[in-house]
Amino acid sequence: MKPTSVLILVFLSQTTAFDVIREAFKLIDENVNPCDNFYRHACPLRSIKGRYIEDAYERKLFKLKAKTAEAVWNNLAIQETFERAHYKEFPSLHVFIAKLFQKQCETENVTTEEKGKFLELIQETWFNHKNSECVYSECLGALASDRNCTRASELLESKLYYRPWEEFTSTLRVFFIQTENNLEGINAILDDDLREGVSNVKNIVETMKKKLLTWIQQTPWVINNEAIESIMAEAEQVHHYDNFAKTFRYNLNLLLKLEQSYLKCLRDLDDTEELKVFCMLAATNNIDFKTISMDFFTFYNAMNGHPNLYFSHLFYDMAKNVESPAALLGSVGFIAGHELSHSLIENANYPDLIPYFSNDSMQCIQNQYQTTCDSFKETSCGANDNQIDENGSDILGIQLAYSLFEDIYSEKKKDEYIRLRYNNTITNEQLFFYSLAFISCKGEPGTQNEMDPHSPWNIRINAVVQHPGFRDAFNCDADSPMVQSFNNQCVIFGENAPQTRKK
């Protein structure tokens, strides 16, 4: 059985619940010709306040969040301390700790042994080793015997290097957000029983990957650079990650370990606000925040953490409940193709994963986005160098999604899907492109953030529908704005891709 046949069977087995794409047709402005400005035809300015998809799922996500209000990860003592601490009132980290030791030292009932234990905890927290492992200036134990607490505190301060609070708080804040997002996201997937949606997304990714591997082998610039094996090796590694149990345990264990270390520290010290903050510092000492890389979400997000692809609860819900395969491929399929493509789109001048990339393809991508910006600019936009990865992933992503659409629909592309007001008919092929706009719909003017590698959504959608299928689907005239904004189709992989030879 061919991969595309498997895809069809999976889609036909779906049971329809909330079809967010079908609901989105209430947004479109039928007074605007799709060939004039497709994005604003499907998503008029001021039609919604935020992003359509997020608004549509807002109530459901609120209910899912409310169910976990009493979950252990939402009721950590260490996080309560983190959120309540008045960091702006504290001196820098090393001064804070030195002053804290001075207070301990000046307390009458604190023994030399107790001061030594506190210094050992400081030493382990700051230098990451105990007394038996310390060297030279990193050995703090001798300070416990100094009866001049001011002098001992000043010497301690000189041994501790400068660290601002922001260095610590920003890292820990990201840690709490990421672990809790993972736990909330996976819990939502399991609570909603989205196994069917997970299976559908995985099937889309694997079908796209097989198609992409075929395209790579046919690509002239890949062949001419003798890079087939190396580029295919990267593509073959990419996969949809769905080991939810492993990720759930991993993130929960991280938080519980942190909480236990925090509470153990507090048992050995006084229960003051300053010592709570110190124990928070001590508890986080042994966590390597850089190793936390498995990402799940409830909200609108997906990411490529090569070789793993991650999708949020929202996309799995769509993959289960969107009725039409055309709508699913235009929405979730495009996102899946985009994330898969991230592993194979490079700045030709600074390749990362793959050894070569076509400069001709890169220039074609950027030219298309700049031309689209010139034609449909609302507030600000522009094809910057830091957008090559995202822009290229958009274009390759839509090509992969549309290719799957053609495999499934073949001669049924022009069949009717739905009738709107004024007896307007939406075909399966038009539905594919509408779905692409609906999942990107924002009612405010498109604005470019120079630090954001993503182009504004109105530019992204009007750029990727330079695909020939769009012109055919909507019967756009050659002099229409959407057609006039098209450059040559940017074929990145496949037999019609550029020839670019190795110099």
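**Exercise 1.** How many bridges join strand β2 to β3, and in which sense do the two strands run?

*Solution.* Begin by finding strand β2 at residues 302-305 of this predicted model. Four bridges join β2 to β3, and the two strands run antiparallel. As a check on the pairing, find Met303, which stands opposite Tyr310 in β3. Finally, turn to strand β1 (residues 239-240), which pairs with β3 in the parallel sense over two bridges, with His239 standing opposite Asn308.

**Exercise 2.** Work out which residues of strand β3 point one way and which point the other way.

*Solution.* Start from the general rule that side chains in a regular strand alternate between the two faces of the sheet. Applied to residues 308-311, Asn308 and Tyr310 point one way, whereas Leu309 and Phe311 point the other way. All of these residues are buried.

**Exercise 3.** Describe the ring pair of Phe405 and Phe432, and explain what the pair ties together.

*Solution.* A pair of aromatic rings is described by the distance of the centres and the angle of the planes. For Phe405 and Phe432 the centres are 5.4 Å apart and the angle between the planes is 40°, a tilted pair. Because Phe405 lies in helix α18 (residues 388-409) and Phe432 in helix α19 (residues 428-438), the pair ties together parts that are 27 residues apart in sequence. Phe405 counts as buried because its relative accessibility is 0%, and Phe432, also at 0%, counts as buried. Both rings belong to a cluster linked by ring pairs, which includes Phe25, Tyr402 and Phe474.

Key. Residues numbered from 1 in each chain as written. Predicted model: local features only at pLDDT ≥ 70, side-chain atom pairs only at ≥ 80, totals over all residues. Heavy atoms only, no water. Buried < 20%, exposed > 50% of the residue type's maximum accessible area, 1.4 Å probe, protein only. Pairing = 2+ DSSP bridges. Phe/Tyr/Trp six-rings, centres within 6.5 Å; stacked < 30°, edge-to-face > 60°.
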